[in-house]
Amino acid sequence: MIHISIRTFLKPFQLSRNFTALWTGQILSHLGDAALWVVLPLCAYSLSQSTLDMGWIMGLLMLPQVILLPFAGMIVDRVSRTKLLIITELVRCILVGILTCLSLLQYLSITTLSIFVVMYGMMNALFQPAYMALRAQVFTEDIRNAALSLTQISQELARLVAPVLGGAMVGLISVGAGFGTVAVLLFISIVVLTFVRVDKPTSKNDTSPVLHNFRHELLGGFIEIRKHPWIWITILAFTIINIGFAGITTILLPWLMKVHLHLSDLSYGLVSSAGAIGAIIAALFYGRKSTHRRGYVAYISVLINSVALACLAFVSTTVGIMMLIAIANGAIMVFALIWEGSLLELVPEESYGRVASLDLFGSWTLLPIGNVMSGWLASWLGGVEAIWLEGTLMFCVALGVLFIPAIRRFN
C-alpha cells in the first residue's frame with residue numbers, strides 16, 4: 001500500500017514538466033508569503049507597539065483585494081496566465097526588496113508599511129486567481145487528484161516551516177534580514193516559474209474591443225457559476241461557514257489557549273503543528289484514490305469540521321485541543337480538495353480566472369466583518385459560548401446545504 005501511494009504521488013512529476021515547475025515555484029512563493037506574515041507583524045509592533053496599527057495594516061491588505069477581485073478575473077482570462085503570474089510575483093518581490101532596503105537604512109514607518117500592503121494586496125488580487133487558473137491548465141485529468149494533494153501538502157508544510165524561518169531571521173539578525181529572506185524566496189520562485197510552458201486560454205471574444213465587451217466579460221463569471229448549482233450554492237454557504245471557521249481559528253482559539261486556559265506558547269505551537277499534520281494526512285489519503293458521491297463527502301467533512309471546532313469549548317488540555325484541531329483541519333482539507341477538483345472539471349479554462357476571482361471574493365469579503373463580530377460575540381456572551389455558537393452555526397449551514405437535492409446528487 002505504501003508503494004502504491006508513493007507511485008501515485010510521483011506520477012505528476014513523471015508526466016508533467018509544467019506541474020514540476022509550477023509546484024516548485026509555488027512552494028517557494030508560499031514559503032515566502034507565509035514568512036512575510038510573520039515578519040510584517042513583528043516589524044509593525046517594533047515600530048508602534050500598537051494593535052490598532054496592526055489591525056489597520058491588515059485591513060489595508062484586504063481592501064484592494066476585495067475591491068479588485070471581481071474585475072481581476074477578466075484580466076486573468078484574457079492574457080497569458082504564466083506571464084501574469086511572473087509579473088505579479090516580480091512586483092511583489094520588488095516591493096519586499098524595497099522594504100528590505102528601507103529597514104536596513106532604518107527608514108521604515110507605519111506609513112511606509114501601509115503603502116506597501118496596499119500595493120501588495122493589489123498584486124495578490126491578480127496573483128491568486130492567475131495561480132488558480134494556471135493550475136486548471138496544468139492539473140490535467142490524469143494527474144489531478146495527486147497534483148491537488150501535493151499542492152495542498154506543500155502549502156501546509158510552508159505554514160509549518162515559515163514561522164520558524166521568519167521568526168529566526170528577525171530574532172537572530174534583524175527585521176531587514178527577514179524581509180530580505182522573503183525577497184530571495186520570491187525571486188527564486190520567479191526563475192522557476194519561467195519554465196512553465198502553457199498557452200494563453202482561447203476566448204471567443206479575443207478579437208473584439210475590450211471596452212465594448214466589458215459588461216459581457218464582467219458577467220461571464222456569474223453566468224458560468226449560475227450553470228452549476230454545486231458551485232453557486234457552495235460559494236454562498238461558505239460566506240457564512242468561513243466566518244465561523246476564521247472566527248474560531250484566528251480569534252477565539254488563541255484566546256482560549258492563552259487567556260482562558262493559560263496554556264504556554266509551546267502549546268499553541270503544538271496545536272498549530274497538529275492542525276497542519278491533520279491536513280497533510282487527509283491530503284495524502286485523498287490523493288491516492290478517486291472520491292465518489294462528492295457532494296455527500298464534501299459536506300459531511302464540513303459537518304465533522306464544525307463539530308470538532310465546537311467541541312473546543314469543552315476541552316481544557318493541550319492534547320485534547322491538538323486532537324480536535326487535527327480532525328478539523330483534516331476534514332476541511334478533504335472539502336478543499338473536492339471543491340477545487342470540481343471547479344477544474346466543471347469550469348472551462350477560458351472562464352476559470354473569473355470564477356476563481358468570484359470564489360475568492362465570496363470567501364474573503366465578509367471575513368473582516370466576521371472577525372469583528374467574533375470579538376464582539378465573545379465579549380458579550382463569553383469566549384467559550386462564542387466558540388460553541390459559531391461551531392453550531394457552521395454545522396447548521398452545512399446540514400441545511402445537504403438537504404438540497406443538487407448537492408446530494410453531485411458526484
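A: Helices here are DSSP runs of H or I with at least four residues, numbered from the N terminus. The model is a predicted one. With that in place, proline 229 belongs to helix 9, which covers residues 229-260.

How exposed is proline 229? Its relative accessible area is 34%. Buried means under 20% and exposed means over 50%, with partly exposed in between, so proline 229 counts as partly exposed.

Next come the neighbours of proline 229. Setting aside residues within four places in sequence, proline 229 contacts Thr234 and Ala406. Alanine 406 is 177 residues away from proline 229 along the sequence, yet their C-alpha atoms are 6.4 Å apart in space.

Leaving out residues up to four places away in sequence, tyrosine 299 touches Thr234, and its other contacts include Trp230, Ala237 and Phe238. Tyrosine 299 also touches Phe335, Ala398, Val401, Leu402 and Ile407.

Tyr299 is part of the largest nonpolar core, which has 117 residues. Tyr299 is among the residues with the most contacts inside that core, along with Phe179, Leu312 and Ile321.

For comparison, here is a pair of helices elsewhere in the chain. The axes of helix 4 (residues 81-104) and helix 5 (residues 110-138) come within 9 Å and cross at roughly 155 degrees. Angles over 145 degrees count as roughly antiparallel, and helix 4 and helix 5 are therefore roughly antiparallel to each other. The crossing of helix 4 with helix 5 is left-handed. The residues of their contact comprise 18 nonpolar, five polar and three charged.

Technical notes: Residues are numbered from 1 along each chain as its sequence is written. This is a predicted model: local features need pLDDT of at least 70, side-chain atom pairs count only at pLDDT 80 or more; totals for chains, interfaces and linings use all residues. Side-chain values use heavy atoms; hydrogens and water are left out. Axes are lines fitted to C-alpha atoms, for helices over the stretch in contact, and angles run from 0 to 180 degrees between N-to-C directions. Helices (H or I, at least four residues) and strands (E, at least two) are DSSP runs, numbered from the N terminus. Angles under 35 degrees count as roughly parallel, over 145 as roughly antiparallel, 65 to 115 as roughly perpendicular and the rest as oblique. A crossing is left-handed if the near helix is turned anticlockwise from the far one by less than a right angle, and right-handed if clockwise. Ala, Val, Leu, Ile, Met, Phe, Trp, Tyr, Cys and Pro count as nonpolar, Asp, Glu, Lys and Arg as charged, and the others, Gly among them, as polar. A nonpolar core is a set of buried Ala, Val, Leu, Ile, Met, Phe, Trp, Tyr and Cys residues joined through side-chain atoms within 4.5 Å. Buried means under 20% relative accessible area, exposed over 50%, partly exposed in between (1.4 Å probe, protein chains only). Contact means heavy atoms within 4.5 Å.
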